[in-house]
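Reader: I have a structure open here and would like to go through it with you. Could you start with the part that matters for lining up a pocket?

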Amino acid sequence: MKIGFAGLGVMGGPMARHLVQAGHEVAGFNRSADKARGWAQASGGRFAATVAGAAADADLFILCVGNDDDVRQVVTEALPHLNAGAVIVDHTTTSARVAREMSALAGGQGCAFIDAPVSGGQAGAENGQLSVMAGGDAGGLAKAGPAIMAYSKAVQHMGPSGAGQLTKMVNQIAIAGVVQGLAEAVHFAEVAGLDTDAVYEAISKGAAQSWQMDNRWKTMAEGRFDFGFAVDWMRKDLGLVLDEAQSNGARLELTALVDQFYSEVQSMGGSRWDTSSLAARLQARNGRG
């Protein structure tokens, strides 16, 4: 399949590499040309100097960029250069509103647009084990599905345009609550004078177990917060969640509180720490920060 890929960062770079390894012809674009050249040299893909160059004659165009405005710009630049009937798959986490806008724009030019945010973080991208939640045309998703599976372990069609982004919001709501609970649990164990490793062994086989506990308990206790998805990006995502909740009437008291806690982490200099750094603000209050 001839594929254009825009956004070769910590997520997009490995995803595009998996596509090359699966035998697809991939042209990669990144706003930092040096990063795109480095990706092409390392992966065997083709360097594209512009979005138009990446999109030229492509049957599938994938993007993984920063925010709503980035998506609007890239899709608008790509559309005139894609093959008729091409599918655009957007793995950026955005508002549901922009997903619907881009779907209408693409549809008006004979293309399909799929909003397809992912879960699994940098490790999932590197290992080809992402979970994809997709909204938009089912036929377009079926066409793109085999390529998406080059870097994913599961793809779930959630409904019409915007449904993928709304599902990603649910994902982030759940993560925010779990990570805050885990941070408080580690903090309590430390203040109580317990051996945190022993506590983990005692509780991780029961109802308290979670992916976050298995992967972040020890590093939280050690004060290490350099494991991928940054606080700045989580706050962007939670901002989308809270904006949507204001529109649809959902009550998200805990999510709003955790968003405020992340703002405190930013003020501590932790903008690029990973999301488990909620523990840092508690450790600081306990004299460890």
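This is a predicted model: local features need pLDDT of at least 70, side-chain atom pairs count only at pLDDT 80 or more; totals for chains, interfaces and linings use all residues.

Reader: What volume does the largest pocket have?

Author: The largest pocket comes to about 1,500 Å³, and of the 50 residues that line it, Val 10, Met 11, Gly 121, Gln 122 and Phe 229 are the closest to its centre.

Reader: Which elements supply at least two residues each to that lining?

Author: They are α4 (68-78), β7 (118-119), α6 (121-127), α8 (163-191), α10 (211-222) and α11 (231-248). By class, the lining of the largest pocket has 17 nonpolar, 22 polar and 11 charged residues.

Reader: Changing topic, how many aromatic pairs does the structure hold?

Author: It holds one: Phe 225 and Trp 273 form a tilted pair, with 5.9 Å from centre to centre and 35 degrees between the planes. The pair links distant parts of the chain, since Phe 225 sits in the loop between α10 and α11 while Trp 273 sits in the loop between α12 (253-267) and α13 (278-285), 48 residues apart.

Reader: Is Phe 225 buried or exposed?

Author: Phe 225 is buried, with a relative accessible area of 9%, whereas Trp 273, at 27% relative accessibility, counts as partly exposed.

Reader: Let me move to α2, then. Which of its residues are buried?

Author: In α2, which spans residues 33-43, the buried ones are Ala 36, Trp 39, Ala 40 and Ser 43. They cover an arc of only 95 degrees around the axis, and therefore lie on the same side of α2.

Reader: What covers those buried residues?

Author: The cover includes α1 (12-21), β2 (25-29) and β3 (46-47), while the face of α2 turned away from its buried side carries the exposed residues Asp 34, Gln 41 and Ala 42.

Reader: And what happens just after α2?

Author: Gly 44 follows there, and its phi is positive, at about 90 degrees.

How values were computed:
Residues are numbered from 1 along each chain as its sequence is written. Side-chain values use heavy atoms; hydrogens and water are left out. Buried means under 20% relative accessible area, exposed over 50%, partly exposed in between (1.4 Å probe, protein chains only). Helices (H or I, at least four residues) and strands (E, at least two) are DSSP runs, numbered from the N terminus. The arc is that of the directions from the helix axis to the C-beta atoms. Contact means heavy atoms within 4.5 Å. On a 1 Å grid over the protein atoms alone, a cavity is a set of points where a 1.4 Å probe fits but cannot get out, and a pocket is an open set with protein on both sides within 12 Å along at least five of seven lines; lining residues have an atom within 4 Å of a point. Grid points are joined across faces, edges and corners, and a volume is the space filled by probe spheres set on the points. Ala, Val, Leu, Ile, Met, Phe, Trp, Tyr, Cys and Pro count as nonpolar, Asp, Glu, Lys and Arg as charged, and the others, Gly among them, as polar. Rings of Phe, Tyr and Trp (its six-membered ring) pair if their centres lie within 6.5 Å; planes under 30 degrees apart count as stacked, over 60 as edge-to-face and the rest as tilted.
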